[in-house]
Amino acid sequence: MSLNTITVSLHQLAKMIDHSLLHPTMTDADIIAGLKIARESNVATACVKPYLIPLALKELAGSDVVVCPVIGFPHGNSTTEIKVAEATAAAKAGGKEIDMVINIGKALGGDWDYVADEIREINAAVTAHGAILKVIFENDYLQSEHIIRLCQICTQVDVAFVKTSTGYGFVKQNDGSYNYRGATVKDLKLMRDSSGDKVQIKAAGGVRTLDDLLHVMSLGVTRIGATATVAILEEAKKRGIGNEPVEVSFKPMSDGDSGAY
């Protein structure tokens with residue numbers, strides 16, 4: 001297989017996707033429409049805010065799309081006690097995958113005991129109730145050494161996934177605007193290399209096209225967060241990706257880019 005080809009099926013692509021329904025302005029009607037997309041597309045999960053768990057369970061009943069609530073979202077600033085309580089409540093309410101945001105300031109300040117203890121407590125809380133944990137780093141705020149240390153901690157704690165971004169980690173740019181890179185090729189390679197074999201990688205923020213998805217898959221990513229689910233899967237069908245695995249080519253992202261801009 002050459003560098004820019006990969007063998008996939010449509011089902012495999014769909015089950016790579018956490019369909020993201022996290023924008024703060026989304027009404028219940030917006031959420032119901034988004035859950036319909038998640039159900040019809042047969043994605044892995046619908047990623048929702050915690051108060052929406054009952055609605056999501058109702059709308060997804062009878063499908064194998066699971067509910068993925070977020071906690072400490074999007075900035076990770078709640079106390080560990082509150083994060084544990086929120087994660088426990090989310091798992092008890094029917095969330096099967098829990099995406100939590102680390103305490104970014106503690107990571108940047110090098111208080112690794114705090115960071116590790118928090119991740120350990122939350123992971124224990126969710127797994128005790130039959131759910132799995134994805135740990136969001138928010139890479140735009142971090143340097144490579146922070147990402148490596150976080151991957152090591154998550155490997156030691158035995159979390160299910162490490163995740164690049166929330167999609168809301170905006171950083172002031174040189175022109176004064178706020179934007180984010182999200183999941184970059186460089187960071188995804190670093191996360192895969194720095195995590196144990198049992199820890200999966202989720203790319204979120206800026207994975208907006210089929211080419212983006214195929215490229216991150218080739219890097220060892222097993223899940224993405226996406227709002228462009230319909231466009232990605234429709235493009236896959238146009239390229240002849242169906243029920244049976246086929247080899248397809250993709251246009252790679254450049255090493256520092258994510259497609260976020």
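Predicted model: local features only at pLDDT ≥ 70, side-chain atom pairs only at ≥ 80, totals over all residues.
Residues are numbered from 1 along each chain as its sequence is written, and side-chain values use heavy atoms, with hydrogens and water left out.

Strand β6 (residues 132-136) runs parallel to strand β5 (residues 97-101), to which five bridges join it, and I132 of β6 is the bridge partner of E97. With strand β7 (residues 161-163), β6 pairs in the parallel sense over three bridges, and here K134 stands opposite F161 of β7. Four of the five residues of β6 are buried, so the strand is largely enclosed by the rest of the structure; buried means under 20% relative accessible area, exposed over 50%, and partly exposed in between (1.4 Å probe, protein chains only). I132, which is found in β6, is partly exposed at a relative accessible area of 29%.

Together with helix α7 (residues 144-157), β6 and β7 make a right-handed β-α-β unit, a crossover being right-handed if, with the strands pointing away from the viewer, the path from the first strand over the helix to the second runs clockwise. In the loop between α7 and β7 lies D158, whose phi is near 70°, a positive value in a residue other than glycine.

## Cysteines

The structure holds zero disulfides, a disulfide being a pair of cysteine sulfur atoms within 2.5 Å. The sulfur of C68 has its closest cysteine sulfur in C47, at 3.6 Å, which is too far for a bond, and C68 is buried with a relative accessible area of 0%. For C151 the closest cysteine sulfur is that of C154, at 6.8 Å, again too far for a bond; C151 is buried, with a relative accessible area of 0%.

## Pockets

On a 1 Å grid over the protein atoms alone, a pocket is an open set of points with protein on both sides within 12 Å along at least five of seven lines, and its lining residues have an atom within 4 Å of a point. The largest pocket holds about 330 Å³ of space, and of the 23 residues that line it, S20, T166, G167, Y180 and T227 lie nearest its centre. The elements that give two or more residues to this lining are β2 (17-21), β10 (200-204) and β11 (223-226), with the largest share, three residues, coming from β2.

The second largest pocket has a volume of about 150 Å³, and among its 12 lining residues the closest to its centre are L142, S144, R181, K186 and D187. Helices α7 and α8 (185-194) each supply at least two residues of that lining.

## Backbone features in two loops

The peptide bond from F73 to P74 is cis, with omega near 5°, and P74 lies in the loop between β4 (66-71) and α4 (80-92). In the loop between α2 (28-41) and β3 (45-48) is N42, which has a positive phi of about 55° although it is not a glycine and is partly exposed, with a relative accessible area of 25%.

Note on methods
Pairing = 2+ DSSP bridges. 1 Å grid on protein atoms, 1.4 Å probe; cavity = no way out; pocket = protein on both sides within 12 Å on 5 of 7 lines; lining within 4 Å. Points joined across faces, edges and corners; volume = space filled by probe spheres on them.
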